[in-house]
Amino acid sequence: GLVLAGGLMFMFRLRQRYDSPPNDRFEGAVVAPPDALRPGIAGALAANGSVSLQHAMASLFALADRHVVTITEEPRKWGQRHFTLHRRLSDQALAPEETVVLDLAFHHKSRRESQPADQVSLTEARTRIASRLKAFKTAVNQELRALGMLDDERMRVRARYLGFATLFVILAFLLVIPAAFLTRQYDAWPFLVVGAVAAIGIVGFIFYGALTPLSNEGARRAERWRAYQQHLKEVAKERAQLTSDSPSRLLPFAVALGLAAAWSKFLKSHPVGVPPW
């Protein structure tokens, strides 16, 4: 009981350094992209600043929509679809995260040549991006910080929660060994200490997930992107209609907002909206 109480007091004390954003949730409907953010940046913002593979793929699809890359379907093999990603010559200015995702997709880390390949299978490109996603995360976080969407102090508090939560979980696993030796004298009671330490770690992870690294402006804009995410979800379920934007242009946003599967089914039933790339 003392271990659990002391650990919880420690976790709540960390929370005192956190300045919560205003609790003014956006309640209206958003039927068009709420601002000019690129898909990868918008997806990370809507995901509470967490950057994942879907945001990198959304950036890649946005480049395809701008004709920087193209995706061609190859003949089927063993009943499976195969696609090839081609890089085209373009003088368009690219954002930092777009430059990174292109380099990850076309430049193999073991390739000795200075010039990247001009084509790669889409599956291989996805694997390369996933294996070196940290570079993409860094580029997105730098862009969010430059836009004033991240709060450094909130990020530090979340990092502390993540670090201490991980430490307590590891400590709980290590305490299993001495607890097992003590069972001969104290039966299963020593495992209560193990459970208390593990519970503190779980509480730490809960705090980490509940807090946001976003600034007040970032939190405000994230609410609108989540409202737009809900609109795209309703469109995929055919409960709402698109406005002036075409499905081709909105597909990267749907992927970035975690709706790839739903929009894949939607485009199968609406082939007119399949992007030309």
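Predicted model: local features only at pLDDT ≥ 70, side-chain atom pairs only at ≥ 80, totals over all residues.
Within S3, Ser-121 is the bridge partner of Thr-84.

S2 (residues 80–87) also pairs with strand S1 (residues 69–77), again in the antiparallel sense, here over seven bridges. On this side, Thr-84 in S2 stands opposite Thr-72. Two residues separate S1 and S2, and the two strands form a hairpin. Trp-78 is in the turn and has a positive phi of about 55°.

## His-55 in helix H3

Helix H3 covers residues 53–65 and includes His-55. Is His-55 buried or exposed? His-55 has a relative accessible area of 1%, under the 20% limit, and therefore counts as buried.

The side chain of His-55 reaches the backbone nitrogen of Ser-52 at 3.0 Å. Leaving aside residues up to four places away in sequence, His-55 touches Gly-40, Gly-43, Ala-44, Ala-47, Ser-50, Phe-136 and Ala-256.

## Two loop residues with positive phi

Asn-48 is in the loop between helix H2 (39–46) and H3. Asn-48 is not a glycine, yet its phi is positive, at about 65°. With a relative accessible area of 18%, Asn-48 is buried.

Asp-187 lies in another loop, the one between helix H7 (152–186) and helix H8 (190–210). The phi of Asp-187 is near 55°, a positive value in a residue other than glycine. Asp-187 counts as exposed because its relative accessibility is 53%, over the 50% limit.

Conventions
Residues numbered from 1 in each chain as written. Heavy atoms only, no water. Helix = DSSP H or I, 4+ residues; strand = E, 2+ residues; numbered from the N terminus. Buried < 20%, exposed > 50% of the residue type's maximum accessible area, 1.4 Å probe, protein only. Polar contact = N/O pair within 3.5 Å; in protein donor to acceptor, adjacent residues only side chain to side chain. Contact = heavy atoms within 4.5 Å. Pairing = 2+ DSSP bridges.
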